[in-house]
Amino acid sequence: MTTTQTPPEQDDQDKQPSWRGVYEDEGTKELSKATTVRLKEDSRKLLGELLRPYKKLIWILVAIVVIENAARLAVPYLVHLGIDNGIPPILAGDGPRALITVVSAVLFSALLQAFTRQIFLMRSGRLGQTILLGLRRRVFDHFQRLSPAFHDKYTSGRVISRLTSDVSVIDELLANGFDGLVTAVLTLFGTMILLLVLDLKLGLIALLSFPILLLLTAWFRKRSAVVYRRTREAVVLVIVHFVESMTGIRAVQAFRREPRNEEIFAGVNEQYREANYESFRLNAVFMPSIKGVGNVTIVAILAYGGYQAYHGHVTVGVLTAFLLYLRQFFEPLQDISQFYNTFLSASAALEKLSGVLNEEPDVAEPVKPVKPGAARGHLELRGVQFQYVDGVPVLPGLDLDVPAGQTLALVGTTGAGKTTIAKLVSRFYDPTGGHVLLDGQDLRDLTEDDLRERVVMVTQENFLFTGSVADNIRFGKPEATMNEVVEAAKVIGAHDFISALPQGYETQVEKRGSRLSAGQRQLVAFARAFLANPAVLILDEATSSLDIPSERLIQRALRTILADRTAIVIAHRLSTVETADRVLVLEHGRILEDGPPDLLITTGGNYAGLHQAWEDSLA
Amino acid sequence: MFSTAMLGVGVSLSVPLVTRSIIDGPVTRRELDLLVPLALLALGLSIAEVLLVWIRRMAQSRTVSDLEASLRQDLYVRLQSLPMEFHTRWQSGQLLSRVTTDLSTIRRFMGFGLLFLVMNILQLAVVTILLLQLYWPLGIVVLAAAVPIVTLSMRFEKKYLLISREVQDQQGDLATRIEESALGFRVVKAFGRRQHVQRQFDDEAINLYNTEITKVRLASRFWSFLGVIPNLTLVIVLLLGALAVGRQSITLGTLVAFITLMLSLVWPVTSLGGILAMAQEAMTAADRISEILDTHSVIQSGPIALEHSRGHLRFEHVGFQFSDDSSEILHDINLDLTPGTTLALVGATGSGKTTLTSLVPRLYDVTSGRITIDGHDIRDLTLYSLRTAVASAFDDPTLFSMSVRENLTLGRPDATEAEVQEALQVAQAEFANDLPWGLETRVGEQGMSLSGGQRQRLALARAVLARPAVLVLDDTLSALDVHTEALVEEALRRVLADTTGIVVAHRASTVMLADQVALLQGGTITHVGTHQELLATVPAYRHLLAADEEEVHA
């Protein structure tokens, strides 16, 4: 028996605490170099696209900012003129005429500076907001165009953070970043030139500090990119853990989860603290270093300049101007660290946003849409194939003909393909093979508006929007009158409970309808679908969250609702299925049984078995 | 920290004075031998200044980041201990902004703002005094310039705060639209209402744009004003100063020092506006945080640690209302569940079933009467032992962004593999083993997405795994298909055989798990009996549970 033990794989443990579990996202974090480059290019392209429409305005702004900076940089030079040319005549008894000229020039440049500054801030602020508004609309619109498949994968949390936090980071960049950057660059070059013009030798000495500054800044940029990434990663963990603890507080408390959660939170919080600490320390080194370089340069100029002045090679005015320029130059440089973080987060946000905007809607609008005739509701599936994952077909090739007006119920175990059929008919997805036709036209040839007017799906996800109950019903038909809304609610059987609400139909549904029970929300969702009056109605588990009395209510209403339209109904509860004209029993995407429910019960197949089990469960 | 800051200010201000000595001494009076010592003095002072800044910042880094982290931890611990009553009132987004945005605001202020504020004010004061000493007429000019700056800053501050609030509110409205468009995406899509939603979004976005523009206008005026005052002061100083030099009231060196010193004030003055705004924000943030830290939990742990509970659960005249001024949700509830019995709770939607079950693990406290376990009032038990004895599975199963295993062992961190597997089997949740990384697969918002039925089964397994003396199942099977539901019920029957159980039921099949059924109506238990008895004798019960009622009436 050997005593040497291989150390356990501690490394991996440290990187990823076991409670986190494993998920594929981790793999994609290590982006390949090619992807990183492409992402950078994309985000640069996006930035270009955002700015291009305002090219002219941007040039005007640049001109304004150049004038502003010139006016600002002129001040020390004028001070030099004041001292060197204004004072000697006074000493010589020639009066202050020269001085007054110089002072007027200072006054002029002060006013010019204030004026251009105001214009610049105003115009660039407006431009920034305009660009932001455009970006917001564009990303929002794009998200709405993307397919449900994309949204499933992307999750709502990410959609929200793209449109809120990422956009606000870009806001920050537009508000402070450009101004800071342009001013810094102009100051840098302007100062450099002026110093050399004022006095070549002194200028060259001052320039000696530039390479050191560049090196320092380069070092800082590199380090701060690393620290920035660490901070972002740490804060994401803090946020996720926090939000989940708070939204799941009932489970946390019921299962005495608090101590373990505190442990986990202390861990992620500590990581975040360390990252913050490091970023503080980085600044603690960078800022004094810049100041140090500045101070040493100023002293060198002072000493050498003093020596030169002694010999009469430079004037006191020039020396003063030098000192003023250098101070003006070094002070704002220290702020670069703040600006750089803004820049980093903005470019990360731009990358993510351009990633979304590059996403092509996989359920695209037709290039040459076909104008459909009056809707009848005749549905056909011809050799329809579908797979979510390559090589795992959900529908291997389905043929189905649903005549207009028929109510078709789909029955089968999880994974039989019921929901997939519903999603294909409502074109949430496109089939990977074959055709789905409505009244003889391929769904892919219809515009979204034409299609949605004809096909409406109700799921158990009965989302309610902020607004009144009436607004939510009217969502099915925005131009509906109040009478129509009430009529729809009456047909569904929702009128009684809505009238009993504090403000009736005008009652605001708060926090996604938390004022209503699940069953009531579902009734509103049904009323919404009824008001939309589609030729084809798809109900995917639409009644499963209802208690028996509400379901009974819907059941009764369904007879009216489904009477004159085509319907596809998916339900676990066979009470709903019983009312259908025709039942399909599916397994692995194939049709096992097909016929009216009464007939299927008697043939003793799968459906008969299910029916028996259901009867028993009613006991 | 402040001493280094003050030293720093002192040192940085002495450099212009050395400048004056150099100009007046070596240059004007042609005393070259003084140049080297003076330059060395300036160098020493400059380097000392840098060192002081460095020391101060290093010291500050640790203090500030520690402060932030410990505040965050305190907030988290407090929030976890606050009762459901608190959490239903507060949106998690509101809480999140406190532990992230507000704390960062405080960190930034403590890290940069506070010190800059103190140093700026210090520098302003010292420099003004110095300027007065150098040449008092010019010093007074500078002092006079401070008046418009201060008054305008204060007025601006007020206006800016108002408009910033408005921007924040409108950003909030826009965020709500965004949230709804993402969460309700399928509904929007199903009805083809993209343009409708886009229009609503546009309206809000344009509102925000307009307010932002007003804000920009206000800020641009203020900032340029703040920039012009020092320059105008310079104009006067240069004019009067040069004239004074001409009259030989002051030396050239004094004038240079004066201008250098005065211009050293430009930066502190311009940044003052931003820092003051920052201070204001930090103050508001601190208020928002103390709002939470000052809230105390009304649900406190009792003294008795219950061990090996038998699970004898009694409700004695239990009543409940959410707050004093709201109506009673439950009243006069009396139930006696002897160890091992299972009670099904039946009632219409909104009748208070979930509220009733939440009272047992003290997610809420009864407002009248009492609940006992093994004869102890549950308020006398430690929360830990009570919640060990009672486990619940809820209708909306919460899974955390952690591994399946961590999610399952929530109530029992020391569970063995065999126990985990057994619980999975009871809940028909063996699919978890087939996930890409088995039980180590991360689920939840940040991980693999599971169907409603899958999540329900995991939540059920979690409750079963906790091996409680009292098991509460709140409509846990609603998202399962008939076949799976039958299998789960079969397995649950075995678990419930030796556990006290409360099962909230909407379906007859679930009711069959129980020995007895209690009908909850109008906030109290009106009938207790077996399913068959109630079905036969209570029409209200038949209305709730008999799927074939229509036929009965027909």
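This is a predicted model: local features need pLDDT of at least 70, side-chain atom pairs count only at pLDDT 80 or more; totals for chains, interfaces and linings use all residues.
**Exercise 1. Strand E10 of chain A**

Solution. 
- Step 1. Strand E3 (residues 407–411) of chain A runs parallel to E10(A) and is joined to it by four bridges. Within this pairing, A:Leu410 has A:Ile570 as its bridge partner.
- Step 2. Strand E9 (residues 536–540) of chain A is also parallel to E10(A), with five bridges. Here the bridge partner of A:Asp540 is A:Ile570.

**Exercise 2. Strand E6 of chain A**

Task: Explain why E6(A) is described as largely enclosed by the rest of the structure, and find the strand with which E6(A) pairs over five bridges.

Solution. 
- Step 1. A residue counts as buried if 20 or more other C-beta atoms lie within 10 Å of its own.
- Step 2. Five of the five residues in E6(A), residues 455–459, are buried, so the strand is largely enclosed by the rest of the structure.
- Step 3. The cover extends to both faces: A:Val455, A:Met457 and A:Thr459 are buried on one side, and A:Val456 and A:Val458 on the other.
- Step 4. The partner is E9(A), paired with E6(A) in the parallel sense over five bridges. In E9(A), A:Leu539 stands opposite A:Val458.

**Exercise 3. Overall form of chain A**

Task: Decide why chain A is said to be more spread out than a compact globule.

Solution. 
- Step 1. Chain A contains 23 helices and twelve strands.
- Step 2. The globule rule gives 25 Å for 619 residues, but the radius of gyration of chain A is 36 Å, well over that value, so the chain is more spread out than a compact globule.
- Step 3. The C-alpha trace of chain A spans about 125 × 85 × 50 Å along its principal axes.
- Step 4. Of the 619 residues in chain A, 43% are buried. Among contacts in chain A with a separation of 6 or more, 77% are between residues 24 or more positions apart.
- Step 5. An unreviewed UniProt entry annotates "transmembrane region" in chain A, including residues 57–78 and 173–196. Residues 57–78 of chain A are 100% helix, with end C-alpha atoms 31 Å apart. Residues 173–196 of chain A are likewise 100% helix, and their end C-alpha atoms are 33 Å apart.

**Exercise 4. Cores and the contact between chains**

Task: Identify the residues that touch the most other members of the largest nonpolar core, then describe the side of chain B that touches chain A.

Solution. 
- Step 1. The largest nonpolar core has 194 residues, and those touching the most other members are A:Ile170, A:Phe322, A:Ile473, A:Ala527, A:Val569, B:Phe258 and B:Met262.
- Step 2. A second, separate core has 111 residues, including B:Phe315, B:Leu363, B:Ala429 and B:Val470.
- Step 3. Between the chains, 142 residues of chain B contact 132 residues of chain A.
- Step 4. Helix H7 (residues 194–246) of chain B supplies the largest share of the side of chain B that touches chain A, 30 residues.
- Step 5. By type, that side of chain B has 76 nonpolar, 41 polar and 25 charged residues.

**Exercise 5. Sheet and loops of chain B**

Task: Give the strand order of the open sheet in chain B, and locate B:Gln248 and B:His308.

Solution. 
- Step 1. The order is E2-E1-E4-E5 (chain B), with antiparallel pairing.
- Step 2. Strands E2 (330–337) and E5 (376–377) of chain B are at the edges with a single partner strand each, so one side of each lacks a neighbour in the sheet.
- Step 3. E1 (residues 313–320) and E4 (residues 368–373) of chain B are joined by five bridges, and B:Gly319 stands opposite B:Ser368 in E4(B).
- Step 4. B:Gln248 lies in the loop between H7 and helix H8 (252–263) of chain B. Its phi is positive, about 60°, although B:Gln248 is not a glycine.
- Step 5. B:His308 is in the loop between helix H9 (266–293) and E1 of chain B. B:His308 also has a positive phi, near 45°.
- Step 6. B:Gln248 counts as exposed because it has 10 C-beta neighbours inside 10 Å, and B:His308 because it has 8.

Key: Residues are numbered from 1 along each chain as its sequence is written. Chains are lettered from A and ligands numbered from 1 in the order in which they are written. A nonpolar core is a set of buried Ala, Val, Leu, Ile, Met, Phe, Trp, Tyr and Cys residues joined through C-beta atoms within 7 Å. A residue is buried if 20 or more other C-beta atoms lie within 10 Å of its own, exposed if 12 or fewer, and partly exposed in between; C-beta atoms are placed from the backbone. Two residues are in contact if their C-beta atoms, placed from the backbone, lie within 7 Å. Helices (H or I, at least four residues) and strands (E, at least two) are DSSP runs, numbered from the N terminus. Ala, Val, Leu, Ile, Met, Phe, Trp, Tyr, Cys and Pro count as nonpolar, Asp, Glu, Lys and Arg as charged, and the others, Gly among them, as polar. UniProt positions are given in the numbering used here, feature names are shortened, and annotations may be inferred rather than shown by experiment. Two strands pair if DSSP finds at least two bridges between them. The radius of gyration is taken over C-alpha atoms; the globule rule is 2.2 Å times the number of residues to the power 0.38.
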